[in-house]
Amino acid sequence: MILQTRKRFQADWRTTHVSDLHPLTTATCPGRADVGHASSDICACKEFSSIFLFWVCSDASGICELENSQLLMLPGPTNVPSRVMRAMAKPVINHRGPEFRDLYRRMLDNLKFVFETKGDVFVLTASGTGGVECAIRNILSNGDKIAVAVNGVFSERLRNAVTAFGGRGIEIPIDWGSAITPARVEDLFEKEKSLKALAVVYNETSTGATTRKLKEIGKICHDNGALFVVDAISILGGDALPVDEWGVDICVAGSQKCLMTPPGLVILSVNERAWKVAESARRSYYFDLLEYRKFLANYETPYTPAVTLFYALDEALLMIKEEGLQPRYNRHNLCARSLYAGLEALGFQIFPQAEFRSQVVVAANYLPKVDDKKFRDLLRERYHVVVAGGMGKLKGTMFRIGVMGTVSEFEILTTIGAIESTLVDLGIKFEYGIGSRASRDVFGKQD
């Protein structure tokens, strides 16, 4: 079997360029001398963080192919640890039985730890957008005014959800690449009276901009009798968000981002202020939080949950508790700073303003003469690193990299090295290795 630790590989990586690594290698399987394998068996596996390399025996000759999966450096879905993936292989259980109740009770306790809340927490089988709909539908009646800070694609969707459900969406226009400030919120309440709520996307995934001063914004909302709703889908678990301390009445998070779980689950926290409003709102059927609260008394969900995904999230939450919230946030911050340093050394302009830069999504404008499709296709097909393109009016002008979940020095240096090799392939002139050195230096300062 192949035995090599991530730490050892990271040390080796400092002297290895991505261009020196071929994504598919043929060699004699090191496991065959010890173990007999049938044709097409996977006979050994080495795991570097969240990347898996498998020796796949295709015949009895002992000649095997080393296949590697893609490194997902997307702002969701993200790489899922093998420990989380293995949890999904457990037998499916009765979602009305004692085993599920024990599972759900443990999950909710650990989610309260991550949200830093004493309020109610719910896990719904839905996408992040489903969670946004749930949050809005449970506080909105026809004609209610909900203000939305719009600074990107996902905050646009949040505004549209308010309008779609019969509310009056009051848009607060914010330059893309920046975020709302307490001063803008003060101005809002001076001009708009009887607002039901203010909704903010904590981390605008389409631009890589994070809203700061959430605690101050929450206080202004409450001083003016409005709820504070936060879309934290792409950031919960990757940056600080003490829900109770910051006065967040409803918080929405997604499984496939910093919580390092496959897509398909959305989590909401709800406090007493929000419950008082929800009890008189026009709620939907599937997303009726009052029904979820009723079933919560028995640690069940009103509708059939995705049990295997619950297993995955349960395991991911245990890993988060083992690491600790602050060390986890510090790790994300370090990785983001390293990535920013590497990209800037290569000449890329970071899209968001410096004060709003995210530590979970890094967005950079393309260098002149770099084509979006060619760049990302080469990065994916030749170097097996997958990044996202721009969205909305930014489509084709930028790329976005997720710094989420299991991310570490290995993933960051792999990505920067792959980007450098891709630029060489595209004929871009630059000092090869300057990006990798800049990224490495950030990590080196932590040694």
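Angles between helix axes run from 0 to 180 degrees between N-to-C directions, the axes being lines fitted to C-alpha atoms over the stretch in contact, and angles under 35 degrees count as roughly parallel, over 145 as roughly antiparallel, 65 to 115 as roughly perpendicular and the rest as oblique. The structure is a predicted model, in which local features need pLDDT of at least 70 and side-chain atom pairs count only at pLDDT 80 or more, while totals for chains, interfaces and linings use all residues. Residues are numbered from 1 along each chain as its sequence is written, and side-chain values use heavy atoms, with hydrogens and water left out.

**The chain as a whole**

The secondary structure comes to 14 helices and 19 strands, taken as DSSP runs (H or I, at least four residues, for helices; E, at least two, for strands) and numbered from the N terminus. Of the 447 residues in the chain, 58% are buried (under 20% relative accessible area, with exposed meaning over 50% and partly exposed in between, for a 1.4 Å probe and protein chains only). Among contacts (heavy atoms within 4.5 Å) with a separation of 6 or more, 70% join residues 24 or more positions apart.

**Helix packing**

| Helix pair | Axis distance | Axis angle |
|---|---|---|
| α11 and α14 | within 7 Å | roughly 155° |
| α13 and α14 | within 8 Å | roughly 165° |
| α6 and α7 | 9 Å | about 15° |

Helices α6 (residues 182-191) and α7 (residues 214-223) pack at about 15°, which makes α6 roughly parallel to α7. The crossing of α6 past α7 is right-handed, with P182, V185, E186 and F189 of α6 contacting E216, I217, I220 and C221 of α7, a set of six nonpolar, no polar and two charged residues.

The 21 residues of α11 (residues 325-345) should span 30 Å at 1.5 Å a residue, and the end C-alpha atoms are 30 Å apart, which agrees; the expected span is 1.5 Å times one less than the number of residues. After α11 comes G347, with a positive phi near 100°. H332 lies in α11 and is buried, with a relative accessible area of 0%. Leaving out residues up to four places away in sequence, H332 touches G237, G238, C258, Q359, V360, V403, M404, G405 and V407.

**Y292 in helix α9**

Y292 is placed in α9 (residues 289-296) and is buried at a relative accessible area of 3%. Beyond its neighbours within four places in sequence, Y292 contacts F122, V123, L124, Y286, P302 and Y303. Y303 is 11 residues from Y292 in sequence, and their C-alpha atoms are 8.9 Å apart.

Conventions: A crossing is left-handed if the near helix is turned anticlockwise from the far one by less than a right angle, and right-handed if clockwise. Ala, Val, Leu, Ile, Met, Phe, Trp, Tyr, Cys and Pro count as nonpolar, Asp, Glu, Lys and Arg as charged, and the others, Gly among them, as polar.
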